[in-house]
Amino acid sequence: AGCGPAAMCGSTGPRAASGRFWTIVLGAAAGLFLLGFLIGWFAKPTDKKTSVSPHEDTKAAFMAEMKAENIKQFLYNFTQLPHLAGTKENLHLAQQVQAEWKEFGLDSVQLVHYDVLLSYPDDTKPNYISIIDEHGNEIFNTSLSEPPPPGYEAVRDVVPPYSAFSAQGMPEGELVYVNYGRTEDFFKLEREMGINCTGKIVIARYGKIFRGNKVKNAELAGAKGVILYSDPADYCAPGTDPYPNGWNLPGGGAQRGNVLNLNGAGDPLTPGYPAKEYTYRLDKASGVGLPKIPVHPIGYHDAESLLRNMGGYAPPHSSWKGNLNVSYNVGPGFTTNYSTRSVKMHVHSHNEITRIYNVIGTIRGTVEPDRYVILGGHRDSWVFGGIDPQSGAAVVHEIVRSFGKLRRKGWRPRRTVIFASWDAEEFGLLGSTEWAEENAKVLQARGVAYINADSSIEGNYTLRVDCTPLMYRLVYILTKEIPSPDEGFEGKSLYESWYKKNPSREYKEVPRINKLGSGNDFEVFFQRLGIASGRARYSKNWNVEKYSNYPVYHSVYETYEIVERFYDPTFKNHLTVAQVRGGLVFELANSVVLPFDCRDYASAVSNYAHIIYNLSRNHEEELATYNVSFDALFSAVKNFTEVAASFHERLQQIDINNLIAVRSLNDQLMFLERAFIDPLGLPGRPFYRHVIFAPSSHNKYAGESFPGIYDAMFDIKNKADQHEAWEEVKRQISIAAFTVQAAAGTLKEV
């Protein structure tokens with residue numbers, strides 16, 4: 001550094017002395033600043049450009065504001081009591097969330113109520129299952145409750161394990177073991193083994209598919225009751241102990257859950273319309289999707305007693321055997337020595353119309369307040385909700401706090417952001433569906449995207465994302481900006497660890513992203529309204545376990561402690577999920593041009609068209625006989641691909657100062673998902689209206705592509721009238737071809 005500003009060079013006297021002093025001080029300061037700047041500069045990740053836009057600065061501040069410690073505290077607060085839908089505890093939690101969201105700085109936070117059909121056990125007559133001897137004596141009864149986890153012995157209002165919306169009844173009969181109760185399991189029993197389930201009580205193990213599909217399959221097979229149980233093969237991971245010493249399900253634990261087959265209807269008594277005071281209701285007995293037979297869940301200790309003396313046929317395949325010390329004989333009935341014994345169910349649960357409460361918070365957008373980006377997750381739990389849903393609700397709470405902090409400093413997003421704490425998700429996605437039904441007109445005109453936020457963790461292996469193809473590119477870009485929390489990936493991005501642990505099977509050199517199925521609150525937004533949707537959480541090694549959930553799922557053992565001790569002690573995975581969910585919302589709400597890439601939809605649809613065509617080629621002869629052609633679909637896919645490419649080119653040339661041009665192209669992007677909606681819905685499933693994706697007819701949790709064609713071809717060789725069956729396939733191909741072509745039309749230059 002040269003001379004200080006106070007003195008001429010070479011001067012003497014006090015001024016010169018003070019000048020030299022300041023020269024040294026300022027020189028040292030400048031040197032230290034430069035050194036610090038250079039250290040900072042070279043310590044920066046090399047692939048990052050210096051932030052220039054206020055958008056990037058604000059996003060960085062938003063992401064940095066979220067803290068693992070806060071998420072941990074929120075999870076603790078949300079899990080001290082049961083929060084069953086329709087109870088006062090869950091209303092109290094709604095009011096607490098409302099007050100805190102207001103405090104965080106949202107523009108408005110409302111409680112929105114609906115009166116929906118819920119289901120509860122009878123306080124005076126407990127549900128249980130008995131083994132009955134020839135004199136009608138109950139010689140074995142299943143337990144009436146789960147042994148409480150340490151520290152929770154005194155908690156009141158823990159609902160015992162039950163199957164919500166089960167029919168009432170006390171059926172008695174012979175037991176048949178039906179493996180997972182899947183479509184293919186019943187085919188094996190009926191077609192290959194000649195076992196008739198009519199008038200029998202079936203016992204199915206949990207896992208692989210949604211429990212409601214198991215019950216539907218059993219009903220169709222003629223069963224008069226269903227027992228669901230958790231087998232250690234599906235709910236005990238090797239190498240860990242049952243809770244509290246590990247994270248496995250104890251033998252006395254059982255999985256609660258609804259057994260509806262709503263197919264997207266929402267409240268069973270008000271399908272298609274919000275369950276408000278003025279709404280006409282169906283008769284309680286004739287609600288949508290209600291099972292007609294009793295259903296009850298048990299743990300593996302009780303299941304062992306029921307299965308121990310099973311007789312009849314041996315299991316048809318090793319895949320029918322779980323890990324209990326029993327034969328896994330299929331039945332019907334017990335072995336010769338015990339053949340006079342039968343099984344009796346006692347189910348006295350009742351359905352009642354009950355008030356539920358969503359919490360809806362908003363931050364109004366500046367430039368486009370009439371465009372909505374929604375972040376929603378549920379608040380109601382079966383018991384403590386340690387994982388489901390509160391690990392998700394705690395993350396939403398921290399995202400809201402972070403947005404609120406920016407908002408209080410004067411920032412606003414470009415588009416309106418809506419935050420939702422849904423009620424009664426566990427009873428059939430009721431809170432979210434009723435709200436979307438009430439606001440359907442506005443949502444289909446103005447909804448940009450919906451990001452779901454149920455459980456943040458279901459394992460601690462890697463990220464899991466399910467979303468519309470429109471969001472693939474956004475998810476990949478965002479995860480490259482977020483640090484990986486995984487051991488061995490220090491200093492690397494979330495994208496890198498995710499790609500390393502779960503590469504895509506369809507596309508080269510990207511991580512796997514799954515199709516959206518259902519079983520969560522995005523259903524109405526995506527499958528019914530056609531609003532682009534996505535979800536993200538930390539998951540287990542998906543290659544090892546397919547659909548069975550984490551071991552203590554929906555049991556009393558899903559506590560704060562199981563998360564804090566075993567799943568995510570530092571809450572770093574929760575923070576990562578908060579950054580993914582929050583980052584998606586931020587980008588969707590704030591990017592000038594919507595971060596959707598229609599070319600990824602083109603490649604996805606092309607991929608799905610080839611998959612369904614290859615499936616049809618198992619029936620070459622029939623394709624020829626009945627003159628079935630996929631040409632129209634492939635032609636539409638080709639057109640869509642070309643139009644998407646040229647739309648993307650136009651998007652690159654856009655003048656972002658031309659507000660009307662930007663708005664026009666953004667609307668084409670927003671309405672692309674909507675263009676895949678068929679107003680008539682899928683056959684027999686009017687509320688599943690998306691032509692490209694639907695929940696599988698055989699497993700609500702899984703997504704199926706081109707579901708109309710898929711279902712028309714499913715098991716087609718066993719349809720009585722082959723001509724009629726293949727005509728329906730042709731009709732579905734034409735609907736798909738029309739829809740893809742029509743969607744292409746929305747992207748053409750106007």
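The axes of helices α2 and α16 come within 10 Å of each other and cross at roughly 155°, where axes are lines fitted to C-alpha atoms, for helices over the stretch in contact, and angles run from 0 to 180 degrees between N-to-C directions. α2 is therefore roughly antiparallel to α16; angles over 145 degrees count as roughly antiparallel, under 35 as roughly parallel, 65 to 115 as roughly perpendicular and the rest as oblique. The contact (heavy atoms within 4.5 Å) is made by His55, Glu56, Thr58, Lys59, Phe62 and Met63 of α2 and by Gln579, Gly582, Gly583, Phe586, Glu587 and Asn590 of α16.

This is a predicted model, in which local features need pLDDT of at least 70 and side-chain atom pairs count only at pLDDT 80 or more, while totals for chains, interfaces and linings use all residues. Residues are numbered from 1 along each chain as its sequence is written, and side-chain values use heavy atoms, with hydrogens and water left out. Helices (H or I, at least four residues) and strands (E, at least two) are DSSP runs, numbered from the N terminus.

Helix α2 comprises residues 54-65. Its buried residues (under 20% relative accessible area, with exposed over 50% and partly exposed in between, for a 1.4 Å probe and protein chains only) are His55, Thr58, Lys59, Phe62, Met63 and Glu65. Because they cover an arc of only 160° around the axis, they lie on the same side of α2; the arc is that of the directions from the helix axis to the C-beta atoms. An α-helix has 3.6 residues a turn, so residues three or four places apart point the same way. The buried residues of α2 pack against α9 (390-408), α12 (472-481) and α16 (572-590).

Helix α9 also meets α3 (residues 68-78): their axes come within 8 Å and cross at roughly 130°. These two helices are therefore oblique to each other. Among the residues that meet are Phe74 and Phe78 in α3 and His397 and Arg401 in α9.

The backbone has some further features. Most residues other than glycine have a negative phi, and most peptide bonds are trans. Phenylalanine 571, in the loop between α15 (560-567) and α16, has a positive phi of about 65° and is buried, with a relative accessible area of 0%. Lysine 208 has a phi near 70° and, at 28% relative accessibility, counts as partly exposed. A cis peptide bond joins tyrosine 243 and proline 244, with omega about 10°, and another cis bond runs from glycine 331 to proline 332, with omega near 0°.

Conventions:
The expected span of a helix is 1.5 Å times one less than its number of residues.
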